[in-house]
Amino acid sequence: MNTPPSPFDLTGKIALVTGSSRGIGFTLAQGLAKMGATVVLNGRDPATVATAAETLRAEGARVATAVFDVTDEAAIASAVAQIEAVTGPIDILVNNAGIQRRAPLTEVEEAVWREVLDTNLTGAFLVARTVAKGMIARRAGKIINICSLMSEVGRETTGPYTAAKGGLRMLTRAMTVEWARHNLQANGIGPGYFVTDLTKPLVANPEFNMWVCGRTPAGRWGQPEELVGAVVFLASSASDFVNGQILYVDGGMLAAL
Ligand code: NAP
Ligand code: GCO
């Protein structure tokens, strides 16, 4: 029997991954590239983005770069226009850029609240609204919002982040109800606790490290590479009838009291 084409093949697709100069975003971009996509790396720091691009190119990946701040509406419009003019139409958007600022709610300054919400929620909206216009015109697109355990539950000192990630879960559904009719699939990935710069202080804290390992049924932290399967699935034709879903990759944490 002839081998049918893989539904997970991303050859010829162009994927913009925000916040992909390091951490989870870099690894997601690396995984999408390995499945054939041309990846567009993003971050605010040109040097870090350039280094990340060199690393992936050395692995044989097709890579473009777009340095912009996801909170800057004008920069987003300019960057997306440049990407689509030079590299081609964006088929896959991974809204990954995000920050964490930990403090008790009563001690959170308004500026910090706004910084977290602007980056983690409004940024995803601004980039998706810009990219979706072309996807709607082409009647095809994949939007993947990187949510969190905090899209479902809270943890002390993560108030702004939890509010933003909860909002991102519902923004994913708002995208679904308006854009699915245009053959856009909007979904989310909810990582558990993964070892990156964002969680470095937590990993270094023996008590927190013990708590994560005890609270996670798998008994350990996740590694960013363990998110690649989920992003490839949601970026590919294998998920063409999946919409508005958040796929949690958390070692079972949300399944357990
Ligand atoms: P990270 O290691 O700190 O990486 C964050 C990335 O986002 C960097 O590339 C950073 O580059 C970029 N970024 C930050 N602010 C930006 C902005 N305004 N515009 C454009 N790029 C920006 O964090 P991570 O752990 O990989 O987290 C990535 C995503 O996963 C976030 O949405 C986070 O909430 C989510 N997440 C992480 C975990 C975890 O355990 N690590 C779990 C659940 C969800 P520059 O700073 O150079 O711009
Ligand atoms: C924290 C962490 C979490 C993780 C992740 C969990 O302070 O508890 O930063 O928020 O980053 O979002 O899914």
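## Ground rules

Axes here are lines fitted to C-alpha atoms, for helices over the stretch in contact, and angles run from 0 to 180 degrees between N-to-C directions. Helices (H or I, at least four residues) and strands (E, at least two) are DSSP runs, numbered from the N terminus.

This is a predicted model, where local features need pLDDT of at least 70 and side-chain atom pairs count only at pLDDT 80 or more, while totals for chains, interfaces and linings use all residues. Residues are numbered from 1 along each chain as its sequence is written, chains are lettered from A and ligands numbered from 1 in the order in which they are written, and side-chain values use heavy atoms, with hydrogens and water left out.

## The whole chain

The protein chain has 8 helices and 7 strands. Its C-alpha atoms fill a box of roughly 50 × 50 × 40 Å along the principal axes. The radius of gyration, taken over C-alpha atoms, is 18 Å, which agrees with the value near 18 Å for a compact globule of 257 residues; the globule rule is 2.2 Å times the number of residues to the power 0.38.

## The sheet

The strands line up as S3-S2-S1-S4-S5-S6-S7 in an open sheet of 7 strands with parallel pairing (two strands pair if DSSP finds at least two bridges between them). At the edges sit S3 (62-67) and S7 (246-249), each pairing on one side only. From one strand to the next, the twist averages 20 degrees.

Zooming in on one pair, S2 (residues 38-43) runs parallel to S3 over 6 bridges. Val40 has Ala64 in S3 as its bridge partner.

## H3 against H4

H3 (residues 73-86) and H4 (residues 110-138) have axes that come within 8 Å and cross at roughly 35 degrees. Contact means heavy atoms within 4.5 Å, and residues meeting across this pair include Ile76 and Val80 in H3 and Leu126 and Val131 in H4. By class, the contact divides into 6 nonpolar, 1 polar and 4 charged residues. For the classes, Ala, Val, Leu, Ile, Met, Phe, Trp, Tyr, Cys and Pro count as nonpolar, Asp, Glu, Lys and Arg as charged, and the others, Gly among them, as polar.

## H1 against H2

H1 (residues 23-34) packs on H2 (residues 46-58) at an angle of about 30 degrees, with the axes 11 Å apart. On the H1 side, Phe26, Ala29 and Gln30 do the touching, and they meet Ala52, Thr55 and Leu56 in H2. That contact has 4 nonpolar, 2 polar and no charged residues.
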